[in-house]
Amino acid sequence: MISRMTLAEKIGQMRQLSLGEDSLSDHVTDEIRAGRTGSVLNVVCADEVRELQRIAVEESRLGIPLLFGRDVIHGFKTVMPIPLGQAATWNPELVKAAARVSALEAAACGVNWTFAPMIDVSRDARWGRIAESFGEDTYLTSQMGVAAIRGYQGENLAATGSIAACAKHFAGYGASEAGRDYATTNIPENELRNVYLGPFRAAIDAGVSSVMASFSDLNGVPASANDFLMTRVLRHEWQFDGIAVSDFNSISQLCVHGIAEDDKEAACLAVTAGIDVEMAGDTYVSFLEQLIEEERIEESKIDAMVANVLRVKFRLGLFEAPAAEEDDLAARVSDDALRVAKEAALQSVVLLKNEGAVLPLAADRLASVAVIGPLADAPYEQLGTWIFDGDPGLSVDCLSGIRKLVGDRVDVNYVKALANSRSRQVDNVTEVMETVGQCDVAILFLGEESILSGEAHSRADINLPGAQAELVKLVRQAGKPLIAVILAGRPLTLSNIVDDLDAILYAWHPGAMGGEAIAELLFGQASPSGKLPATFPRMVGQVPIYYNHKNTGKPPIAGEILHIDDIEEQAPQTSYGMFSFHLDAGSTPLFPFGHGLSYAEFRYTGIRASADRLAIGDSLTLSVELSNAGQVRAEEVVQLYVRDLVGSVTRPVRELKGFRRVMLDPGQTVTVQFELRSQDLAFYGRDNRCTVEPGKFRAWIGGSSTAELECEFQVIARD
Ligand code: BGC
């Protein structure tokens, strides 16, 4: 195909037109007819897609079909929980099912390329895009990213309903300074390889069709001009043969970054680095021919890039079936989209606290509940950040979910109390107090509206916004059992209210079926089983705080850390020890990574390794006995962590190496096993090569990253 293409046609394949209302304008159709664009962005009307595809296939000289790209991030028509919530399910199969539903719905509208999953390791809750991520951990993000890719792309990329996925944003975007979106990132190569690149490597091994360059600059070079990332790592080391796409207009922005003088230089830098497709910009169509004439870029380089684009089109089967038949797709849009959305919402909710087992509520023993707060009846806000195509009509709000569940058994009295999540004033104070005073229990629906997280929506203060904390204090005065359901796009700092609340259900933005799922969890029709995919700081000043930090030479010793209030005046500088911590926040988070309670009571005993020694190339089994000592059937997410006690570079205090959802009846005990291959212990050492280093390792198995049950084994070189 490439040998038959003119240079202009080749460059056309490297351009992605961003369309809106104008998708069928003469300008657009002319560009397609002339072969001057290989893909388009944001057309989601099946008829328009069919028409544009018809023009490309029938009226352009070579009949090369188009790619139709769209951000299908957490659902299409049926909105799923935000990715951070999906990560809290610790259930890759469910993440895959959610992506599958989204792919089917999107494909029905002609989309054949999604810009998901976002697999940026995100350790900063200020960053608005943490909502789109799978959280702070490399391993969890890798597992979830691969699951999402399998869901979007299906078994066979050419099958109807499969769409190309895109691993983004390559790379290190999650480390944006101060959690400010688009900001600079500085990540040493060793940390880059050990923390940020892992999920991308896993995505490529899983056959992801495309990779998107990040907006941000990494160690001084924006990703769209970063040949270390885009060529050395992606192509040479990982042998990626799909599409590398820029982010929206990010090539032209190389000038804004101050790394290119003008668009022509920007295009030259981006092609040299290895960006195959320019999203939403015109630097390639405007300048590549000239750059080749001037011999600054070789045409063979362009050929290789075009080949990457065409390869994905072939794999998608577009040359045989450029657009799916309407009937074919209509039949395939699955009826169980809402079932998947509900299951994902159910499993994503994390029970952070449940003092005195105030939850679950017993509908048969309650006369009335007060439902208070700005997010109780907020069907739109619960959907979360990326909902371009979401159908708000499908959204079941929390108040309706509760009313439907309790029927006429329980009086449900609702007061909104704040106009929205940011309001600085509690309205109807008297009504709030009277309502709560008359009820058996109060449920507060708090958090962030969807607009407070996502792209370009970072926050420096991550407390509950507005007067919500004030509302909590007010309602507390009524002395009733007090439950908070928090809907938010990020971990919030909850220190100022945590002691006022008897129970906290953290629901993220749970998507369309959030209301039904939350009602079922509140009233015990299901037990919470979500676990935190990101650490919850006590104070924003602790950020970045994450479980797999390094030990330092002066780790804090529990019980020996003082608090600012306890310091004597003029105490000598060293009198309270020399540890790595904050005087006012201590060293621990409010809730650790992996934390999440249940209505059951899980007990772990008898951790063991199948062998004391693990020869490189072999594997061993780590196991534990897990019992349900509670009264209800429930699911637990069992987590395996490992520490490499001595390495050629300092190693994290713990690293997640496995997890599994296990359902247990009351009284039931099971043995949970994890197979650990020596290869799972590999990391990038001092020479930045990936190796397994012999030595002593410690393993923990339990219900969070603070699990205490431990054993040790030794990794030995092969004889
Ligand atoms: C975002 C990408 C997204 C693209 C297209 C950009 O602003 O960073 O994640 O895929 O827009 O909408």
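In this predicted model, Arg-54 and Glu-58 form a salt bridge, with N and O 3.2 Å apart. Both residues sit in helix α3 (residues 46-59), four positions apart, and are thus separated by about one helical turn. Arg-54 is partly exposed, at 29% relative accessibility. Glu-58 is exposed, at 57%.

A second salt bridge pairs Lys-404 with Glu-516, at an N to O distance of 3.0 Å. This pair links distant parts of the chain. Lys-404 belongs to helix α16 (residues 398-406) and Glu-516 to helix α19 (residues 514-522), 112 residues apart. Lys-404 is exposed, with 62% relative accessibility, whereas Glu-516 is buried at 17%. Shared partners also join salt bridges into one network, made up of Asp-30, Arg-33, Glu-51, Arg-54, Glu-58 and Glu-59.

Lys-10 and Asp-303 form a further salt bridge, their closest N and O atoms lying 2.8 Å apart. Lys-10 is in helix α1 (residues 7-13) and Asp-303 in helix α13 (residues 299-315), so the contact ties together parts 293 residues apart in sequence. Lys-10 is buried, at 5% relative accessible area. Asp-303 is partly exposed, at 23%.

In total, 49 salt bridges were counted. The chain carries 64 positive and 98 negative side chains, and the centres of the two sets are 5 Å apart.

The protein chain contains 19 helices and 26 strands. Its radius of gyration is 27 Å, close to the 27 Å given by the globule rule for 719 residues, so the chain is as compact as a globular protein of that length. Of the 719 residues, 60% are buried. Among contacts between residues at least 6 apart in sequence, 77% join residues at least 24 apart.

How values were computed. Residues are numbered from 1 along each chain as its sequence is written. This is a predicted model: local features need pLDDT of at least 70, side-chain atom pairs count only at pLDDT 80 or more; totals for chains, interfaces and linings use all residues. Side-chain values use heavy atoms; hydrogens and water are left out. Helices (H or I, at least four residues) and strands (E, at least two) are DSSP runs, numbered from the N terminus. The radius of gyration is taken over C-alpha atoms; the globule rule is 2.2 Å times the number of residues to the power 0.38. Buried means under 20% relative accessible area, exposed over 50%, partly exposed in between (1.4 Å probe, protein chains only). Contact means heavy atoms within 4.5 Å. Lys and Arg count as positive and Asp and Glu as negative; His and the chain ends are not counted. The place of a charge is taken as NZ of Lys, CZ of Arg, CG of Asp or CD of Glu. A salt bridge is a side-chain nitrogen of Lys or Arg within 4 Å of a carboxyl oxygen of Asp or Glu.
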